[in-house]
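Subject: Structure handover

Hi,

Here is the structure I promised to pass on. Please open it first, then read my notes below.

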Amino acid sequence: MSENQIVNPNADAQENATVAEAAEVSTATTKAPVIETAHDDFDWSVDKRNVVIYSKEEYAKFDTVYDGTFKQVNDGEMVEGQVVALTKTDVVVNIGFKSDGLVSLNEFRDLQGLKVGDTVEVMVVEKEDREGHLHLSRKLARITRAWERIMEVHKTGEIVTGLVTSKTKGGLIVDVFGMETFLPGSQIDVKPVTDYDQFVGKTMEFKVVKINENIKNAVVSHKALIESDIEQQRAAIMSKLEKGQVLEGTIKNITDFGAFLDLGGVDGLLYITDISWGRINHPSEVLKMDQKLNVVVLDFDDEKKRISLGLKQLTPHPWDTLSESIKEGEVVKGKVVNIEDYGAFLEIMPGVEGLVHVSEISWANTPINAKEFFKMGDEHEAKIVTLDKDARKMSLSIKQMSQDPWSTIEETFPVESKHKGLVKNITPYGVFVELKAGIGGMIHISDLSWTKRFNHPGEYTKVGQEIDVMILSIDKENRKLQLGHKQLEEDPWNALEESFAIGSVHEGHVIKKDDKGALVQLPYGIEGFAPARHLNKEDGKTVVADETIQFMVIEFDRNEKRVVLSHTRIWEQVKAEEKDAERKEKTAEAARTKKAVKDVQSKVEKTTLGDLGVLADLKKKLDSDAAANENAGS
């Protein structure tokens, strides 16, 4: 149908009355143009569909009259409407517009007994959607009104009532004024809440603590109301607090450093050091959750709302009631409650402790590591050495539980006596050996072996191994024993002096070599040293490590247990001997020639020219031999 066409009012008896009235006005004021035809009584403006064609001017006029009969609304506007019909799924609402709007029945779940004729507030979502329908929403209207109300109570701090509808991640969803708000788990109660389901379906009071206007989101808190009540109770209690006052409290939380007590609206902290006169590792050893007990107020800060409590202060200090049987010289039994580098503390009774210094652990003169000797919780017997009740200090001794072994050291371990000991410690200069509990001594590195030199004692023995020793000397005053290991055997150097005489040659194995020279293993377990300049071979090469070759002894010191060797000296000496033999042979030849000349001269009585020639040859030969001998001697 074109915009200039309108349905003839006579064609439909159910036509709206307003539209009919508009048509009558049009008939009375304006007549359709008459087309002269053969049949003048026929209305040619009506087509086969019973539609009358109007001009644009007439259509615009009728449209203005029609629109003037309805209420003008805008999208997003809040309006009131009347329920005109109810279906199984929808509510028909008349807001005085061109057409009625449909609203889902689900949006009226909070209204019990909704009926035709009731007035409701809705929001105009769209005046006309794609299908030309009026789109209304009661839900959006409720949310808008609820948001306005929530913003108002957030400013005023007013308490609101809401229904917890469901559980969500991290908290609960609460319906406040018809709008969903978020209740964080931390804002449900002052105590930690683990079961959120118990609150679903409950109507509770809340305070709006945070809003986000951009996304229209609100956060509510029930804890804030509880804290407000508690704050009033706390103020009342704090105003009556005094140091030394005894209160009853209930344990509400236990931590590593203490316990928090509810004193009836205000919390106090009972530190672990104020729970018992004795040492405890954790408050849970003596306290339990929800336990009621009396505590004394040690200190409080009215501004910071902090209260320090004490439990042990309700009983006398154990040092003040110490038994008369606890005195110097007495033996007591205690449990290790603390270990330090300098010693360990033994708890004789709760609140009464004594120190066992590291020097009082053993009679031995060797250092003892307290953390290796003592274990937490172990029990030891000890003798009370000193006791000061006023200063609340006690020193204990474990070693004095037995006789000092050093008092009879000469009888037990006389000089030159032989014993077995246990290697307890190794240092670069020697080995510490324990002969019995509290008695030990040191073997110097030079007293480990007659024949071998060690860079470190660890090359010869290890900690925990047994070793045979001889007592070399006793220093009773300083509690020291000098021990020896090589002294258990005869000194082989006394008999080796002949075997390794200077100039003797022996086969040796090069153990190791460096820039200074080589360490050589010789027969009978002897080790010698060959300086670097004595390692040159005849062919120009050098003796290398792990090589077995001949060496000559060039120095032997029995006192210093030192043998100096040379390989170079061997072949150099052979060459020198060969050259000396050659020189001696030439000298002997010259002597023989000279003697022959003298013999000839003694037989010649007269000199002739022929004889003179012979003599000249002999003299020339003698001079030549003499010159050769001089060169050989140089």
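I'll start with how the chain is connected. Take the contacts between residues at least 6 apart in sequence: 59% of them join residues at least 24 apart. Please keep in mind that this is a predicted model.

Overall make-up

The chain has 634 residues, and 34% of them are buried. Its secondary structure comes to 9 helices and 32 strands. The accessible surface is about 39200 Å². Carbon and sulfur atoms account for 49% of that surface.

Confidence

Mean pLDDT for the chain is 81. A value of 70 or more is reached by 84% of the residues. Which elements mark the two ends of the range? Helix H1 (residues 17-29) has the lowest mean pLDDT of the elements, at 40. Strand E22 (residues 393-397) has the highest, at 94.

Take care at the start of the chain. Over residues 1-32, pLDDT stays under 50. The model has 32 contacts beyond four places in sequence for this stretch. Where pLDDT is low, the predicted coordinates should not be read in detail.

A nonpolar surface patch

Leu86, Leu105 and Val116 make up a nonpolar patch on the surface. Together they have about 220 Å² of accessible area. Val116 sits in the loop between strand E5 (101-104) and strand E6 (119-126). Is Val116 buried, partly exposed or exposed? Its relative accessibility is 49%, so Val116 counts as partly exposed. The cut-off for exposed is over 50%.

Aromatic pairs

How many aromatic pairs are there? The count comes to 4. One of them joins Phe257 and Phe260. Their ring centres are 6.2 Å apart. The planes stand at 90°, so this pair is edge-to-face. Phe257 has a relative accessible area of 43%, which means it is partly exposed. Phe260 is also partly exposed, at 24% relative accessibility.

Tyr342 and Phe345 form another aromatic pair, again edge-to-face. Here the distance is 6.4 Å centre to centre, with 90° between the planes. Tyr342 is partly exposed, because its relative accessible area is 40%.

When you go through the model, three places are worth a look: residues 1-32, with pLDDT under 50; the patch of Leu86, Leu105 and Val116; and the edge-to-face pair of Phe257 and Phe260.

Best wishes

Definitions and conventions
Residues are numbered from 1 along each chain as its sequence is written. This is a predicted model: local features need pLDDT of at least 70, side-chain atom pairs count only at pLDDT 80 or more; totals for chains, interfaces and linings use all residues. Side-chain values use heavy atoms; hydrogens and water are left out. pLDDT is the predictor's confidence in each residue, from 0 to 100. Helices (H or I, at least four residues) and strands (E, at least two) are DSSP runs, numbered from the N terminus. Contact means heavy atoms within 4.5 Å. Patches are made of residues with over 30% relative accessible area and no salt bridge: like charges are joined within 9 Å, nonpolar side chains (Val, Leu, Ile, Met, Phe, Trp, Tyr) within 5 Å. Accessible areas come from the Shrake-Rupley method with a 1.4 Å probe; for residues, only the protein chains shown count as cover. A salt bridge is a side-chain nitrogen of Lys or Arg within 4 Å of a carboxyl oxygen of Asp or Glu. Buried means under 20% relative accessible area, exposed over 50%, partly exposed in between (1.4 Å probe, protein chains only). Rings of Phe, Tyr and Trp (its six-membered ring) pair if their centres lie within 6.5 Å; planes under 30 degrees apart count as stacked, over 60 as edge-to-face and the rest as tilted.
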